[in-house]
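Dear colleague,

I am handing over the structure below, followed by an account of what was found in it. Please read the notes alongside the coordinates.

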Amino acid sequence: MWLHSPLSVFTVTSKSMTVQWGRHAGASSYKITATPKNSPEPSVFAQFSGSTVMASVNSLSPNTVYTMQLEAMDNALHVISNEATEGKTAPDVPSIEKAYSKQSHSITVEFTEVSGATGYILRAETLNNDFFLEMPVSGSPGTIQELHSYTDFSLSVMSVNSGGRSQPSYPIQAKTVVVAANMTTSSPTNSTINATWTPVENAVLYTLDIIKHGSSLRQKLNTSATTITIESLEAGTTYSIKITPWDAEGRPGDDYTGLQITRPPRPDVLTVQIAPGRSLGIIVYWIFSYGAEGYVAWTTNNLNCTSHTTYCFITPVECGQNQTVSVRAFNSAGPSDTSEPAQYITYPCPRENWVVEPTPGNCTLKWEEVEMVEYYVAFIKRDEGTEEWCNTTETSCQFQCLCGNTYLTTVFPYNQAGASSQAPIRNYTTIPCCPEKVSIDLVSTETLHISWPAVRGVDVYETTAAENADIIHCNDTASECALSDLKCNTVYSVVVTPCSDLRGCNRSCAAHTSETAPCTPKILMLNQINNSTVTVVFTNPNTPVTNYTAKAVGRNDVHNCETQLTSCDFTQLPCGSTYEVTVVANNVVKESLPSFSMPLETAPCCPTSVKVLQVNEAMSLVSWSPAHGARSFIANLTSPRGQAKCHTMDDNCIMGCITCGTNYSVSLEAISSTGHLSTCNYDGYSTSPCCPTGIKLSEIGNSTVRVSWHHLGAFDQIYKVDMYSSSGNYTCTATGKNYCDMTSIVCGRSYKLVVSPMPPNKVTVEFCPHRLYSVKCTGNIGGMLIIRGKRSVA
């Protein structure tokens with residue numbers, strides 16, 4: 001049996017294949033046979049001792065698939081077991097044609113490509129074997145990188161397929177070139193560039209190619225030094241500088257390219273102007289400098305500005321200056337030469353001004369003298385918009401100033417640069433004028449509203465209302481004032497005084513008089529004389545000539561009475577009405593506030609009609625029409641037999657205890673919500689006659705039945721008898737009798753019977769009870785048997 005691993009391919013070359021296997025128990029030797037799988041070439045075999053577990057078969061063909069068979073044999077050379085596997089030889093060995101270095105860390109190898117190769121491996125070794133590197137490539141030419149600079153290498157190439165790699169090709173030697181120079185450049189002037197680099201090991205010469213940016217013009221310089229100055233260049237121009245070192249064999253090494261711009265040409269200042277605006281400054285203009293990335297301008301008093309255009313602002317500068325300004329252009333190489341200085345003068349400095357008023361209405365504007373000035377222009381502007389000015393070389397200017405005005409004054413000094421951009425503005429305010437057309441309105445009984453046209457120059461108005469020693473003040477900035485909490489029915493002296501913080505108050509303004517409204521009276525009592533007349537009594541808190549008006553206001557009507565006394569009467573007041581009574585005082589000034597109101601109510605009205613309806617023998621329904629002002633009623637029915645009373649808030653009432661056949665009187669008491677009462681009497685009424693009792697039925701022959709009863713009414717009382725059945729109705733009337741005969745009665749039927757008295761108006765009393773009877777006959781009539789009877793509902 002086989003021990004350990006089975007047969008497998010360990011490695012291949014172009015013409016050999018090495019296999020390995022596990023040892024077989026009892027084997028004294030092994031035979032390996034390599035047979036081409038898809039080729040007519042003969043098989044190749046080799047035999048090995050029993051201790052061998054790895055062996056190679058040579059003389060194979062490149063890039064060929066072989067079946068590798070292993071046979072284990074005993075001492076008699078009998079095969080005791082075998083196994084097989086497949087493997088592929090590597091492609092044929094390629095050959096190098098040439099190798100060269102163009103960069104300090106790589107060598108390019110050109111070689112012949114072989115059939116069946118899927119790739120190649122380049123191998124580089126130093127001659128002293130201290131460096132070894134392999135790198136895969138896809139084909140020829142191939143470059144092996146990551147090498148040492150300026151070093152001799154032994155180079156070989158191997159072909160590769162899925163089976164493995166071939167043997168290395170015959171080696172060839174090549175040497176890498178020197179590294180690039182580490183160069184730095186600068187432009188000390190606008191026409192030169194300095195180039196400096198560190199020495200490159202093994203380099204004996206350096207070549208510099210200088211190309212103007214955007215041009216095909218170039219110059220070439222060779223030197224063995226490590227620094228060089230390139231001259232006669234254009235200012236503000238970018239140049240491409242490539243440096244290449246050369247070794248002693250004349251091979252160029254790695255090159256390095258740098259860009260360097262020359263310094264820009266010197267700009268020339270065109271003009272210097274004073275900048276417009278509130279902040280004092282100058283604008284410097286200059287000629288464009290080619291290749292400049294920016295500019296810087298500075299003055300002799302150490303102010304500066306930078307710009308990327310051909311002008312810039314220098315702010316703030318001082319007024320009254322005589323200075324110069326210079327400009328430089330700059331780029332990444334450095335600054336250009338400085339321009340010629342340009343002189344400029346700033347406008348004069350402003351000065352404070354003030355106003356003096358030696359006499360009212362005559363003012364003088366003054367200011368301090370200013371250096372570097374040619375003349376002054378002074379402006380005096382009144383706050384309402386009127387403006388005047390004066391042009392002078394002196395330091396003062398006169399003008400007319402009116403009361404109640406604020407004057408804005410400013411002085412501008414001028415020189416050849418112009419006027420000062422700013423000058424102090426000062427206010428001068430004259431004493432305020434007295435307000436005209438003062439209007440005083442009485443807006444309430446104790447409040448005066450005073451208004452007037454606004455006055456210029458006023459910070460606050462002081463308003464007073466004086467009455468003897470009592471003074472009330474109102475201070476406000478508005479041109480109106482409300483003086484409240486004054487005494488009613490009083491004359492006040494009102495004065496409006498304008499004041500300003502700067503000039504104080506004008507105390508010469510005239511006074512105006514105004515009177516407050518009358519004082520409010522107070523109702524003392526309401527005295528009701530009768531149902532339609534009421535007297536109102538009140539106080540008199542005002543002067544004797546004051547008029548008073550009392551007013552009673554109801555829901556739908558108003559009653560007035562007027563007097564100069566302390567009482568008056570309301571007459572012809574309707575029943576059932578409520579009023580609010582107030583009293584006001586009035587005079588030529590105004591009407592007072594109304595007094596506190598007092599309620600007034602007249603007695604309620606009686607209902608215009610009353611109806612009485614008898615419900616049954618002992619109960620009647622009394623109803624009445626609505627009564628204005630009444631909330632509840634007491635209905636009274638009075639008769640010799642007794643009295644019935646009902647208290648209700650409705651318009652009807654059920655009354656008991658009044659029996660049938662009785663005469664009685666009717667009265668109502670109408671009561672208001674506050675207890676006022678009206679007694680109302682109406683015509684009397686009589687109850688209906690009483691219903692009969694003891695009703696009986698008896699047979700008198702010939703299908704005739706007699707209905708009899710007990711007589712309760714008058715002797716001539718009329719009664720009506722009604723019998724009702726499904727076969728027909730029977731009716732008879734009896735006057736002054738207590739019976740009535742009903743003919744043509746049908747036997748064996750049930751009848752409903754009612755006997756009712758008839759009042760003089762011939763209307764049947766409908767509340768008499770009904771009785772139900774069943775009639776059975778014997779013989780012709782036989783006898784009559786009352787089966788049952790019950791009282792019916794009327």
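Q614 counts as buried because its relative accessibility is 16%, where buried means under 20% relative accessible area, exposed means over 50% and partly exposed lies in between, with a 1.4 Å probe and protein chains only. Please bear in mind that this is a predicted model, in which local features need pLDDT of at least 70 and side-chain atom pairs count only at pLDDT 80 or more, while totals for chains, interfaces and linings use all residues. Residues are numbered from 1 along each chain as its sequence is written, and side-chain values use heavy atoms, with hydrogens and water left out.

Q614 belongs to strand β53, residues 610-616 (strands are DSSP runs of E with at least two residues, helices are runs of H or I with at least four, and both are numbered from the N terminus). Its side chain reaches the backbone oxygen of N616 at 3.0 Å. Not counting residues up to four places away in sequence, Q614 touches M619, S620, C660, T687, S688 and F767, a contact being heavy atoms within 4.5 Å.

**Two further sites**

T549 sits in strand β48, residues 547-553, and it counts as buried because its relative accessibility is 13%. Apart from neighbours within four places in sequence, T549 is in contact with C561, E562, T582, V583, V584 and N586.

R251, by contrast, is found in the loop between β20 (238-247) and β21 (256-261). A polar atom of the R251 side chain lies 2.5 Å from the backbone oxygen of K175, and K175 is also among the contacts of R251, which, leaving aside neighbours within four places in sequence, are S101, Y150, K175, T176, V177, P245 and W246. The C-alpha atoms of R251 and K212, which are 39 residues apart along the chain, are separated by 26 Å.

**The protein overall**

The secondary structure comes to 0 helices and 66 strands. The radius of gyration is 72 Å, well over the 28 Å that the globule rule gives for 794 residues, so the protein is more spread out than a compact globule; the radius is taken over C-alpha atoms, and the rule is 2.2 Å times the number of residues to the power 0.38. Along the principal axes, the C-alpha atoms fill a box of roughly 180 × 135 × 40 Å. Buried residues make up 43% of the 794 residues, and residues 24 or more positions apart account for 57% of the contacts with a separation of 6 or more.

Definitions and conventions. A polar contact is a pair of N or O atoms within 3.5 Å; within protein, one must be able to donate a hydrogen and the other to accept it, and residues adjacent in sequence count only if both atoms are side-chain atoms.
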